[in-house]
Amino acid sequence: MNLPIFNEIDTATETQTTEHCSEQLKAAFTQLKLAYNANKQPSYADRRQVILALKSALLANREQLLSALNTDYGKRPNFDSLMADILPSVQHVNYTLEHLKSWLKPEKRSAGLLLSPSSIYVHKQAKGVVGVVVPWNFPVFLSIGPIVTALAAGNKVMVKLSEYTPHTNSIIRKIFNSLQDSVVVIEGGPEVAAEFTQLPFDHVFFTGSTSVGKLVAKSCAERLVPTTLELGGKSPVVITANANLEQAADAIILGKSVNAGQICVAPDYILVEQSQYQAFCQAYLTRFAALYDHQKFSEEYGAIINEAQFARLHSMLEDAKAKGANIISPPGYQIDAQNRVMPPQLITGVDDTMDVCKSEIFGPILPVLPYNELTDAIDYINSKERPLALYIMSQDICEVRTILQHTHSGGVCINDTLMHVGADDAPFGGIGESGLGNYHGREGFDTFCHKRTVLKTPVWLPRVKLILRSKKLALTLLTKLFVR
């Protein structure tokens, strides 16, 4: 059965009604569901063939993806797109192909004395049709990653791409054109997204803001549809008194400069020990100038995605200034409003009434807050919602252990930022306001599977007959087993 790639739904077209949009989505879903029902448990060879076809198409279109990403952003360096979108996607595909056979094997479990000599196995069963909602900040990796894993688990996938990356979306549609029996691509605005998440999926995987994630979770909960929510939040950096400031600055610059800080795990604010406060700010500005040559800055540093996001960030700066904060940026690196380029903006003199302390920044603005005791920094982190990432800059293993033991976060990097996202063999996900569930690694495969317990009893075993005929003895034995 061949499924056409679902073309963009233009919600701006007056003649297209919401009802028609809903009908199109339902028709596309029905086609995928029929394809899934025709082969509910595809073989290892079939799954591998689908993933290899996707990899081949991805590699064949990598140059077009780089060009499209640059067009959608107005300016996005190839380094950012390769490092954070394309290479991780290829790496994730390779990792999945390497481990898929072992993931598919049924797991033998213990039957225990009560059920012996029966055997128990846990089988991994595809859930069905999975809905994937993709944000605009990394449209390649955040579509390829969950889709590859869902396909590996034997599912069919409908993917809703962001309306803010139309040029990239056209290449992604081209890539998935080779998987017409397995993947349907949807485009459109918020209205389409709302209709999309109302479809009777067997699992919904959403990446985006916490506010929208709550709406998705509520919609799915009403229909008992399981969800994975990859959200965001305010990811803190703790710099302790004995940290290597130059190394810390380099790590934070990477986390805050790739994609101009438009990353869900980008460092959102700095907590630095009081004696290192001024030294860190100076080290950050110095190291940025060393890492981003002024002459090549316009080529190597990315733009904010659109005018609305740029205006939001500019409003945060104005709000902080109006409330008494100081804005510091590297000398000679100016904000270019016309091209939506914003070099690092350190904010000192920060307090919790400012917008930069209330919501996720998602850009190159970085509040810096001093603390006196490490417990003060820990208490500040714990007074906020649980973050997606926590970054610790320290050379003291005891201090690192203390922070780890007394905080919660989706993931942690020590003397680094961002890099834990690239760990294919470990789960990635948030906690609380920053997300629900995991993907990457074996845990990602398990996310898109139903683990079905299968108990097999030998036909010669008269267990039921013995139990019914010896109820008193059976109850005595059972009681002894449970009170051991």
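Analyst: Start with one term: contact means heavy atoms within 4.5 Å. Keep in mind that this model is predicted.

User: Which residues does K75 contact, leaving aside its neighbours within four places in sequence?

Analyst: The contacts of K75 are N70, F297, S298, Y301, G302, A303 and V341. K75 itself sits in the loop that joins α3 (62–73) to α4 (78–104).

User: How far from K75 is the nearest side chain of opposite charge?

Analyst: That side chain is D336, 7.8 Å away. A salt bridge needs nitrogen and oxygen within 4 Å. K75 has no salt bridge, yet K75 is buried.

User: What does the charged end of R76 do?

Analyst: The charged end of R76 lies over the ring of Y73, 4.8 Å from the ring centre. R76 also makes a salt bridge to D85, with the closest N and O atoms 2.8 Å apart. R76 and D85 are both buried.

User: How many salt bridges does the structure hold?

Analyst: There are 15. Take E107 with K124: their closest N and O atoms are 3.2 Å apart. This pair links distant parts of the chain, with E107 in strand β1 (residues 107–109) and K124 in strand β2 (residues 119–126), 17 residues apart. E107 and K124 are both buried.

User: Which other residue forms a salt bridge with E107?

Analyst: K451 does, at 3.9 Å between the closest N and O atoms. K451 is in strand β16 (residues 449–456) and E107 in strand β1, so the pair ties together parts 344 residues apart in sequence. K451 counts as partly exposed, at 34% relative accessibility. E107 counts as buried, at 17%. Through shared partners, salt bridges join E107, R109, K124, R442, D446 and K451 into one network.

User: Now the rings. How is an aromatic pair described?

Analyst: By the distance of the centres and the angle of the planes. A search of the whole structure finds 18 aromatic pairs. In one of them, the rings of F280 and Y284 have centres 5.9 Å apart and planes at 55°, so this pair is tilted. F280 and Y284 are 4 residues apart in helix α11 (residues 277–291), about one turn. F280 and Y284 are both buried.

User: Why is the pair of F428 and Y439 edge-to-face?

Analyst: The planes of F428 and Y439 meet at 75°, with centres 6.1 Å apart, so the pair is edge-to-face. The pair links distant parts of the chain, 11 residues apart: F428 lies in the loop between β14 (411–414) and β15 (435–436), and Y439 in the loop between β15 and α16 (441–447). F428 is buried at 6% relative accessible area. Y439 counts as buried at 3%.

User: Which residues do ring pairs link into a cluster?

Analyst: F288, Y292, F297, Y301 and Y333. F297 and Y301 are also among the contacts of K75.

Technical notes
Residues are numbered from 1 along each chain as its sequence is written. This is a predicted model: local features need pLDDT of at least 70, side-chain atom pairs count only at pLDDT 80 or more; totals for chains, interfaces and linings use all residues. Side-chain values use heavy atoms; hydrogens and water are left out. Helices (H or I, at least four residues) and strands (E, at least two) are DSSP runs, numbered from the N terminus. Buried means under 20% relative accessible area, exposed over 50%, partly exposed in between (1.4 Å probe, protein chains only). Lys and Arg count as positive and Asp and Glu as negative; His and the chain ends are not counted. Rings of Phe, Tyr and Trp (its six-membered ring) pair if their centres lie within 6.5 Å; planes under 30 degrees apart count as stacked, over 60 as edge-to-face and the rest as tilted. A charge sits over a ring if NZ of Lys or CZ of Arg is within 6 Å of the ring centre and within 35 degrees of the ring normal.
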